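Hi,

Here is the structure I promised to pass on.

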Amino acid sequence: MFYVYVLRSLRNNKRYVGYTARPPLDKLAEHNMGSTRWARQNRPFILLHTEEFENSTEARKRELFLKSGKGRQLLDEMFPRLSRRLISLRLKLSKSVERVTVN
């Protein structure tokens with residue numbers, strides 16, 4: 001199975017679209033651990049959406065569509081941007097959860 005997934009940054013409301021052969025929750029954890037420079041700068045993330053495909057070709061096509069102008073428009077309609085206040089509350093919550101799990 002292959003997956004297309006959409007993440008939202010709680011830090012700055014940016015959206016990330018990717019595809020993978022791994023379970024989307026594993027990819028979410030990887031992004032939240034800061035696996036790349038971009039992920040470190042924009043974490044924490046929440047998982048907004050996933051789609052499942054039989055092969056990588058179809059998953060890649062869907063990923064490219066969601067990154068296109070029409071695809072971004074579709075995602076904007078499906079998932080309106082989070083308000084700044086909601087982002088602030090979620091970021092505070094995620095930081096408090098991190099402190100609890102680290103201790």
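Let's start with a pair of helices. The axes of helix α3 (residues 56–67) and helix α4 (residues 69–78) come within 4 Å of each other and cross at roughly 80 degrees. That makes α3 roughly perpendicular to α4 (the word covers 65 to 115 degrees). On the α3 side the contact is made by Arg62, Phe65, Leu66 and Lys67, and on the α4 side by Gly69, Lys70, Gly71, Arg72, Leu74 and Leu75; contact here means heavy atoms within 4.5 Å. By type, the residues of this contact divide into four nonpolar, two polar and four charged, where Asp, Glu, Lys and Arg are charged, Ala, Val, Leu, Ile, Met, Phe, Trp, Tyr, Cys and Pro are nonpolar, and the others, Gly among them, are polar.

Before the rest, some housekeeping. This is a predicted model, with local features needing pLDDT of at least 70 and side-chain atom pairs counting only at pLDDT 80 or more, while totals for chains, interfaces and linings use all residues. Residues are numbered from 1 along each chain as its sequence is written, and side-chain values use heavy atoms, with hydrogens and water left out.

Now the overall layout. The protein has five helices and three strands, in the order β-β-α-α-β-α-α-α from the N terminus. These are DSSP runs: H or I of at least four residues for helices, E of at least two for strands.

The three strands form an open antiparallel sheet, ordered β2-β1-β3, with pairing taken as at least two DSSP bridges between two strands. β2 (15–20) and β3 (45–53) are at the edges with a single partner strand each, so one side of each has no neighbour in the sheet. From one strand to the next the twist averages 20 degrees. Strand β1 (residues 2–9) is joined to β2 by six bridges; in one of them, Arg8 partners Arg15 of β2.

Two helices pack on that sheet. Helix α1 (residues 24–32) touches β1, β2 and β3, and its direction makes about 145 degrees with that of β3. α4 also touches β1, β2 and β3, at about 110 degrees to the direction of β2. Angles run from 0 to 180 degrees between N-to-C directions, with axes fitted to C-alpha atoms.

Last, some totals: 33% of the 103 residues are buried, meaning under 20% relative accessible area with a 1.4 Å probe. Of the contacts with a separation of 6 or more, 59% are between residues 24 or more positions apart.

Cheers

Notes:
Parallel < 35°, antiparallel > 145°, perpendicular 65-115°, else oblique. Buried < 20%, exposed > 50% of the residue type's maximum accessible area, 1.4 Å probe, protein only.
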